Amino acid sequence: MGLRDDLDRFREVGEAKRQDLSEFIQYGDLGQSRPDEVKIPIKIVDLPEFVYDPREQGGVGKGQGGTPDVGDPVGQPEPQPGDGDDDGDGDEPGEEGGEHEYYEMDPEEFAQELDEELGLDLEPKGKKVIEEKEGDFTDMTRTGPASTLDFERLFKEGLKRKLAMDFDGEYVTEALRVDGWGPAKVFEWARANHIPVSRPWIADAYESIPADERDRWSSIEEMEQNVDEESTAARIRREGVKEIPFRREDERYRYPEIIEEREKNVVVVNIRDVSGSMRQSKRELVERTFTPLDWYLTGKYDNAEFVYIAHDADAWEVEREEFFGIRSGGGTRISSAYELAAAVLEERYPWSEWNRYVFAAGDSENSSNDTEQNVIPLMEEIPANLHAYVETQPSGNAINATHAQEVESHFEDSDNVAVAYVQSPDDVVDAIYTILSTEANE
């Protein structure tokens with residue numbers, strides 16, 4: 001067995017881990033994990049090893065003294081314990097589940113794996129500025145110490161000015177030797193030919209020409225036919241740059257870019273209905289949806305804090321352990337949880353410093369008119385990156401379970417409200433995708 005085969009088998013281990021992620025979220029024992037450590041069971045993949053061919057251990061069979069007994073199979077190894085059935089005591093095919101080991105990952109790795117699994121890439125937003133530091137010297141200012149002068153820029157600006165102002169002086173001087181032409185006529189000709197020469201320069205050049213040379217050419221056409229104008233670029237290549245016209249207005253001084261380091265803080269408010277209608281099957285779907293969301297956001301943000309609110313007709317804050325194991329009882333008024341969430345966020349997690357997620361779950365049963373009159377207005381008043389409601393209704397057909405539909409209908413055009421429906425563990429991954437993709441697509 002070669003190295004390539006070994007690598008292929010190792011890749012199988014990683015692929016098995018990824019394939020088991022969704023199955024774990026839907027059906028796994030989430031209690032095996034902790035808030036800061038996720039334990040994903042993966043199917044064991046035996047790694048390759050070298051073994052001796054059993055056919056090299058002797059003759060065609062094995063018996064006393066190497067002599068085969070009557071009825072012994074020829075050319076096959078002696079059966080060993082565990083090979084095939086043992087007197088009917090072995091398990092029937094398919095009765096035992098595959099062996100598993102646990103792959104431990106921190107929430108950051110879990111978030112990365114879930115991003116790949118669902119095709120997401122949620123980029124956390126920084127809120128509170130915790131540090132300002134100097135970056136590269138990429139910004140410019142008109143003043144500064146000489147050591148930070150951007151001389152390269154100054155030179156380029158001066159060179160561009162020279163190219164714009166330069167002209168072939170000898171060519172213009174020949175125009176002054178046209179019979180009957182003086183400085184005024186040459187200036188008009190130069191301007192018509194886009195030669196950037198000034199009147200004083202022409203006047204000085206004219207005075208330097210002897211009087212007997214001012215009629216060398218009978219016409220400007222004769223001069224142009226006999227004298228070639230040299231371009232500025234050709235002249236610079238021939239003579240080099242003798243003088244660059246630098247100006248103070250071209251000076252720029254580099255200073256470092258100020259980079260703000262923003263802490264990526266997030267607070268997640270998890271709300272769950274614990275009223276009398278929330279039976280065990282509904283509670284399990286809530287926990288199976290909220291737990292991976294907690295791990296995901298913990299892995300995405302520098303600092304993640306969680307607020308857990310339980311409610312029936314009233315709402316109260318609980319610890320994480322109690323939230324994920326709480327029993328049911330009482331009536332239902334969902335708005336009580338949002339009232340408490342609004343108060344907690346206002347007091348402890350200001351919107352200017354914290355990213356906020358408000359996730360609620362229940363069976364969509366609510367007291368009369370509470371959703372329309374109270375819950376929806378509260379959701380509109382609570383600033384958050386994302387509001388989400390997860391309906392856990394295994395039957396899927398409760399007549400009075402209308403809360404999710406009312407929220408979805410009201411916020412159908414909103415880009416920060418998600419509604420998901422979970423009737424069985426099979427729906428959990430889709431629900432998580434619905435919630436997280438709403439945030440990622442903002």
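## Basis and confidence

Because the model is predicted, local features need a pLDDT of at least 70 and side-chain atom pairs count only at pLDDT 80 or more, while totals for chains, interfaces and linings use all residues. Residues are numbered from 1 along each chain as its sequence is written, and side-chain values use heavy atoms, with hydrogens and water left out.

The protein averages a pLDDT (the predictor's confidence in each residue, from 0 to 100) of 80, and 76% of the residues score at least 70. Over residues 58-63 the pLDDT falls below 50, although beyond near neighbours in sequence this stretch has nine contacts (heavy atoms within 4.5 Å) in the model. Residues 81-98 also have a pLDDT below 50, and beyond near neighbours in sequence that stretch has one contact. Where pLDDT is low, the predicted coordinates should not be read in detail.

## Overall make-up

The protein has 14 helices and 12 strands, where helices (H or I, at least four residues) and strands (E, at least two) are DSSP runs numbered from the N terminus. Of its 442 residues, 39% count as buried; buried means under 20% relative accessible area, exposed over 50%, and partly exposed in between, with a 1.4 Å probe and protein chains only.

Among contacts between residues at least 6 apart in sequence, 80% join residues at least 24 apart. The accessible surface, from the Shrake-Rupley method with a 1.4 Å probe, comes to about 25,800 Å², of which 44% belongs to carbon and sulfur atoms.

## Helix α5 and its surroundings

In helix α5, which covers residues 183-192, the buried residues are V186, F187, W189 and A190. Seen down the helix axis, the buried residues of α5 fall within an arc of 165° (taken from the directions from the axis to the C-beta atoms), so they line one face of the helix. E188 and A192, on the other side of α5, are exposed.

The cover over the buried residues of α5 includes α4 (169-175), α6 (199-207) and α7 (220-226). Just after α5, H194 takes a positive phi of about 60°.

## Salt bridges

Side chains of opposite charge can pair when their charged atoms come close. A search of the whole structure finds 11 salt bridges, each being a side-chain nitrogen of Lys or Arg within 4 Å of a carboxyl oxygen of Asp or Glu. One of them joins the side chains of E213 and R216 at 3.8 Å, N to O; E213 is partly exposed at a relative accessible area of 27%, and R216 is partly exposed at 42%. These two residues belong to a network of salt bridges that also links E174 and R177.

The side chains of K282 and E365 meet in another salt bridge, at 3.9 Å from N to O. K282 lies in helix α9 (residues 280-300) and E365 in the loop between β10 (355-362) and α12 (370-381), so this pair ties together parts that are 83 residues apart in sequence. Both K282 and E365 are buried.

A salt bridge also links the side chains of E317 and R348, at 3.0 Å from N to O. Since E317 lies in strand β9 (residues 315-318) and R348 in helix α11 (residues 335-348), the pair ties together parts that are 31 residues apart in sequence. E317 is partly exposed, with 38% relative accessibility, and R348 is likewise partly exposed, with a relative accessible area of 35%.
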